[in-house]
Amino acid sequence: MTDTILPNGIQEKAGQNGYFKKGCNPMALTGRSKLQNQRASLNQQIIKQMRMRAGAENLLRATSNNKVREMVGLELSYVNSNLQLLMEQLEALNSSVDVYQNAQEATSIPLIPLGLKETKEVDFSVPFKDFILEHYSEDGSSYEEEIADLIDLRQACRTPSRSDAGIELLTKYFSHLPLLESRFLSPTRQLGIFFTWYDSFTGVPVCQQNVSLEKASILFNVGALYTQIGTRCNRQTSTGLDEAITAFQKAAGVLNHLKETFTHTPSYDLSPAMLSMLIKMMLSQAQECLFEKIALSGIRNEFFSLLKMAQEAAKVGDSYDQVHQSMSQTPIKDNVPFFWSTMAQVKTHHYRSLAHYFVATALLDHQLSPQDDEDLQEKTLSQVYDSMLDGRSPLDILRKREDRRHIGKAHLRRAVMGHEEALRIHGLCRHLRKLDVLQEILQASHKRSLAKFTRNDQEDEFTDYLEAPDIISKTDHKAEMEMPVSTKVKVTDFFHRLGPLSVFSAKQHWTAPRTVRLKLEDRDMGFTLKGEPPVQITSLDPLCHAAVDGLKEGDYIVAVGDIDCKWMGVSEVMRLLKDVDEEGIDIRVVSLMDSSQPMPTKSATYCGGLPKTYSMICLAFDDHDKSPKGRKVSKKGSFLSWGLKNRLKSSSTLSLPTADFSGTLPWNKHCPTFPSSSSYNDPALY
């Protein structure tokens, strides 16, 4: 399961020694990498079937021939059957948790990791070169090495290693994205770069030109990688449990940051409802590891220790109960793997049964003696129950041996019933049945509770049946979301040579670089310099030689002679100019143009053909209106209206339409629909 380093035959920069980038290893044949390869293959098959379904539905709407409609209906049933099978295979991949567990220990209940989102390759080469030439007036081919480094970094992020190095790799690329957005993604122009990511639960592709989808998907993979690191930790050691707790808390922190930052994501696995459920699941798994850490050194058969462990176990059970309730809500339940919801149910019953077993042991095995602190025991027992049985007081239960035995048996009865329910639910899921270690733990816990109940059962006892009260959950170590510092990594801009980002960005517009001849007149150049790099012309004498040659007030100096000075300050530029001879020296300058533009064109997004996804609004200019004042922003029609008109106006959008006909087919189950795209009209969104 360890990711090895293999040479790739590619010459990297100094320090790389011709190996894969640190944190990436696409050639490591681990169980995890095989799952990701299967996921990528399934995603391709799903998109192929969805395209076939879209074409069949378009033909169905276009034809009135009954024979053709019958043949198309038959084809649709075949395609939908294939889609259903592919979705089941994808669900099976999300249920394959055994390959993510630590191979050295097999005595802990398995934890659930998240699979990484898959993406397509993106070629930045041609669009970036064209933009550098057109916008920055520089030769784009001189930046081939920087563009290649960017492409290599993104490609490496598709196969991160399951370690801190993999996290560092993803966060490094994530930190580069705002720089790329400022450099190349102009609010008034689309470069034609499409970012395509596949939903990790449905396999539905989402394609978008806005870099926000790229940011959100990388953040999701950071959180997913933390969950995989957590499941890999050795939970039989205190250090391993600490690492697992930290990993799951950081995963919850990253997913929570994703939910709060990207509120209208077009992919279903990035939706607020799904992310909220995933956050609860990660915190529950962290709470489970906290419980295991407390129990690692052994549970003392002592009154106070047993009651404390009972409340700790109840806390874990309540946490998983909240996770299961979230998974049962529409529309989450339609896409969450059945394995996940079943596992949450099993753990809920298991840990609540453990809580009842610990309380029963405390009552049955420990009688109140004169040496015991009666007041402390009474206070501790009263904090375990929300309400007492039949008006009994905690002190009465402690003093009366029969009451202790009857209530202890009632707790054992609930423990046995809870373990039986956990085993029953475990048997309903075929993926859970494959986890032998889980079944062994459940059976051992059930046998232990049943044996203790049998030892304390008396055949001649005819007391009324008592229902043990619920146990109040309480913990001294609550799992909390932790935002990892590594999500904000300081990186060096790949395109540093273009100049300071505060000036040379995609939002700013300049004239083409002009060459101006500088000559000294009475040891005076006729202007002064100011500002941070790049320096700016100020106090220009309109009669000086440079002004006559075309120099303007406010121009930025980008080169002196053959020396690039975009990053030079005033003192450095003055040193270059102080030795100007009588013939003078050439400088290159640019003038900032008015960058105020009307509302930019927004690229649209479509997410496959499933109704359980978001779609965004497409805004475009009316190109026929040449007047800026009269130019209007028009809302595009729905992408479901598939035709020539929409294709021409939405040339920057990759969409896979569906028709209402699919909802009437008997093989299509009802799926809840997300809010319409008209509600997402904030221009700050994707």
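The legends below describe close-up views of a predicted model.

Residues are numbered from 1 along each chain as its sequence is written, and side-chain values use heavy atoms, with hydrogens and water left out. In this predicted model, local features need pLDDT of at least 70 and side-chain atom pairs count only at pLDDT 80 or more, whereas totals for chains, interfaces and linings use all residues.

**View A. Helix 5 and its span.**
Helix 5 comprises the 21 residues 164-184. Helices (H or I, at least four residues) and strands (E, at least two) are DSSP runs, numbered from the N terminus. The expected span of a helix is 1.5 Å times one less than its number of residues; for helix 5 this gives 30 Å, in agreement with the 30 Å between its end C-alpha atoms. Of its 21 residues, 15 are buried, where buried means under 20% relative accessible area, exposed over 50% and partly exposed in between (1.4 Å probe, protein chains only).

Rings of Phe, Tyr and Trp (its six-membered ring) pair if their centres lie within 6.5 Å; planes under 30 degrees apart count as stacked, over 60 as edge-to-face and the rest as tilted. The structure holds 15 aromatic pairs. One of them is the tilted pair of tyrosine 136 and tryptophan 510, at 5.7 Å centre to centre and 40° between the planes. Tyrosine 136 belongs to the loop between helix 3 (125-135) and helix 4 (144-156), and tryptophan 510 to the loop between helix 15 and strand 3 (514-518), so the pair ties together parts 374 residues apart in sequence. Tyrosine 136 and tryptophan 510 are both buried. Tyrosine 143 and phenylalanine 495 also form a tilted pair, with 6.2 Å between centres and 35° between planes. Here, too, a residue of the helix 3 to helix 4 loop, tyrosine 143, meets one of the loop between helix 15 and strand 3, phenylalanine 495, so parts 352 residues apart in sequence are tied together. Tyrosine 143 and phenylalanine 495 are likewise buried.

**View C. Phenylalanine 131 and the aromatic cluster.**
One aromatic cluster is formed by Phe124, Phe128, Phe131, Tyr136, Tyr143, Phe184, Phe195, Phe495, Phe504 and Trp510. Phenylalanine 131 lies in helix 3 and is buried, at 1% relative accessibility. With neighbours within four places in sequence left aside, the contacts of phenylalanine 131 are Tyr136, Arg183, Phe184, Ser186, Arg189, Leu191 and Ala506; contact means heavy atoms within 4.5 Å. Serine 186 is 55 residues from phenylalanine 131 along the chain, and their C-alpha atoms are separated by 9.7 Å.

**View D. Charged groups over aromatic rings.**
A charge sits over a ring if NZ of Lys or CZ of Arg is within 6 Å of the ring centre and within 35 degrees of the ring normal. Arginine 497 lies over the face of tyrosine 143, 4.1 Å from the ring centre. The charged end of lysine 117 is placed over the ring of phenylalanine 220, at 5.9 Å from its centre.

**View E. Strand 8 and its pairing partners.**
Two strands pair if DSSP finds at least two bridges between them. Strand 8 (residues 585-590) runs antiparallel to strand 3, with 5 bridges joining them; threonine 515 has arginine 588 of strand 8 as its bridge partner. Strand 6 (residues 556-560) also pairs with strand 8 in the antiparallel sense, over 4 bridges, and valine 560 stands opposite isoleucine 587. Arginine 517 and aspartate 586 form a salt bridge, their closest N and O atoms being 2.9 Å apart. This pair links strand 3, which holds arginine 517, to strand 8, which holds aspartate 586, over 69 residues. Arginine 517 is partly exposed at 25% relative accessible area, as is aspartate 586 at 32%.

A salt bridge is a side-chain nitrogen of Lys or Arg within 4 Å of a carboxyl oxygen of Asp or Glu, and the count comes to 22. Glutamate 121 meets arginine 158 at 3.7 Å, N to O. Glutamate 121 is exposed, with a relative accessible area of 57%, whereas arginine 158 is partly exposed at 25%. In helix 13 (residues 401-426), glutamate 402 and arginine 405 lie 3 residues apart, about one turn of the helix. Their side chains meet in a salt bridge of 2.9 Å, N to O.
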